[in-house]
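Q: I have a structure open and would like to go through some of its side-chain contacts with you. Can we start once it is on the screen?

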Amino acid sequence: MRLTTIEKKVLAGFAASLLLLAAMAVSAGLSIRAFVSASRWVTHTYDVLQTVEAVRVQVQASELHTRAFILTGNPARLDQRKLAHDQADHALDTLRTLTSDNRLEQVRLALLRGHVMQLHRNQQRMIDARRQQQAGAAAELSGMAGTYQLLQQIDGLLENMEQSEKQLLNQRIEHARVTAIYTVAVFALLAVSMFGIKLYLFLRIKDEVQERERMDEDLIRAKQVLEATNKELESFSYSISHDLRSPLRAVNGFARILDAEYGSKLDDEGRRIISVIVRNSEKMSALIDDLLAFSRVGRDPVSKGEVNMAALVSKVHSDLTTASEYASTQFSLGDLPNADGDPAMLTQVWSNLIGNALKYSSRNPAPEVTVAGELRDGECIYSVQDNGVGFDMKYYGKLFGVFQRLHSDAEYPGTGVGLAIAQRIVTRHGGRIWAEATPGQGATFRFSLPREARA
């Protein structure tokens, strides 16, 4: 299809706009990612500082409860000391995870853990001495210079870690601020660009709309000509099909007379040729009948009224089956909602769908046909399911075409017009028809009809 000059300009502008937007979107995405990353590092540094402070608080609490036990002998202080010591160990583990990317902090953390463990051992010696009622020895141990030095070393290491993390915090806050400014600038530029693109496209589309309006006028005139041509073609096909019936009946009749009166004088090959003529004339007659029916569906007016679908389906099934077929086929009829439509046309739809289900399940040792219906979203939806030969869904595009058959005539006789007729009738009623199947596992055909409101 050849594009107009305006369409080419619109497409060129649209393509350039997409490229610009894509580039800016990538830039915006990268800036957002950088800002999020910087924000996470700021949060991470705050977490480290809070954990360092938690270690300091718990170490001091452990020492406080140890000395309180030595002075008072209250065993509750030992439980509090153990809780403080456990929380200090947990905080040290958390610090090791948080600072795994910082080698210097890991070295400090190893020294810190060693000092905390030594402090814990000193405290335990004082506790054991107090338990043995050696209050003087415990008091002496509690005043040991080694314990005081351990506390100072622990506090010094924690102070160093805090200073390092605060420096990192300042750097990361500044980096987050810069990335935030950059992100805002990118989004502002993106907004301005989108406004400019919309303005450009609006002007181009306005020109295109005017061009389309002129083209629509031409299309309306062309559609009117096409509709008139289609009506002429439909009338022509109907006339041709109707005119072919008389000579075809003559061919069939003369062939039968020839067989009846002169069949005994013909050899086997002659009689075979006569049977071929009769069989093919009957097949052509069926094709003509289906073509006429297909043509009438497009020509006849649709006379709508409320249709009792359950009664209609029961009658169609009874008309399509002989007594033996009726007995051998398991036919299930569910609750069918009434529909609004042309009874004669809908009878044709059900006849084609149920007839196909009976035909294509006839070779199954236990043929089953199930008809069901439901109301859904303002539509009456009906289905016909069988356990017959099915079909391959890759050929679905041929399913509703005129003379399109998915099985050979030798396997399952037919003209290939029935589903096309059913589709045309359903479409004229404002509905739709579709199917799904699996080879060797049967098929399900569904069609919908709009549910009209009733007083």
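Q: Which side chain meets Glu 379 in a salt bridge?
A: That partner is Arg 432, with N and O 3.0 Å apart; a salt bridge here is a side-chain nitrogen of Lys or Arg within 4 Å of a carboxyl oxygen of Asp or Glu. This is a predicted model, in which local features need pLDDT of at least 70 and side-chain atom pairs count only at pLDDT 80 or more, while totals for chains, interfaces and linings use all residues. Residues are numbered from 1 along each chain as its sequence is written, and side-chain values use heavy atoms, with hydrogens and water left out.

Q: And where do Glu 379 and Arg 432 lie?
A: Glu 379 is in strand E5 (residues 379-386) and Arg 432 in strand E6 (residues 432-437), so the pair ties together parts that are 53 residues apart in sequence. Helices (H or I, at least four residues) and strands (E, at least two) are DSSP runs, numbered from the N terminus.

Q: Is Arg 432 buried, exposed or partly exposed?
A: Arg 432 is partly exposed, with a relative accessible area of 40%; buried means under 20%, exposed over 50%, and partly exposed in between, using a 1.4 Å probe and protein chains only.

Q: What does the side chain of Ser 448 make a polar contact with?
A: The side chain of Ser 448 makes that contact with the side chain of Glu 379, at 3.4 Å. A polar contact is a pair of N or O atoms within 3.5 Å; within protein, one must be able to donate a hydrogen and the other to accept it, and residues adjacent in sequence count only if both atoms are side-chain atoms. Ser 448 itself is found in strand E7 (residues 443-450) and counts as buried, at 0% relative accessibility. Not counting residues up to four places away in sequence, Ser 448 touches several residues, including Glu 379, Arg 432 and Trp 434, where contact means heavy atoms within 4.5 Å.

Q: Changing topic, how many salt bridges does a search of the whole structure find?
A: The search finds 14. One of the pairs is Arg 67 with Glu 63, whose closest N and O atoms are 2.7 Å apart; both residues lie in helix H1 (residues 5-72), four residues apart, which is about one turn of the helix.

Q: How do Arg 67 and Glu 63 compare, buried or partly exposed?
A: Arg 67 counts as partly exposed, at 30% relative accessibility, whereas Glu 63 is buried, with a relative accessible area of 5%.

Q: What about Glu 174 and Arg 177, where do they lie?
A: Both are in helix H5 (residues 145-262), three residues apart, about one turn of the helix, and their side chains meet in a salt bridge of 2.7 Å, N to O. Glu 174 is partly exposed at 38% relative accessible area, and Arg 177 is partly exposed at 45%.

Q: Which residues are linked in a network of salt bridges?
A: The network links Glu 53, Arg 56, Asp 155, Glu 159 and Glu 162.
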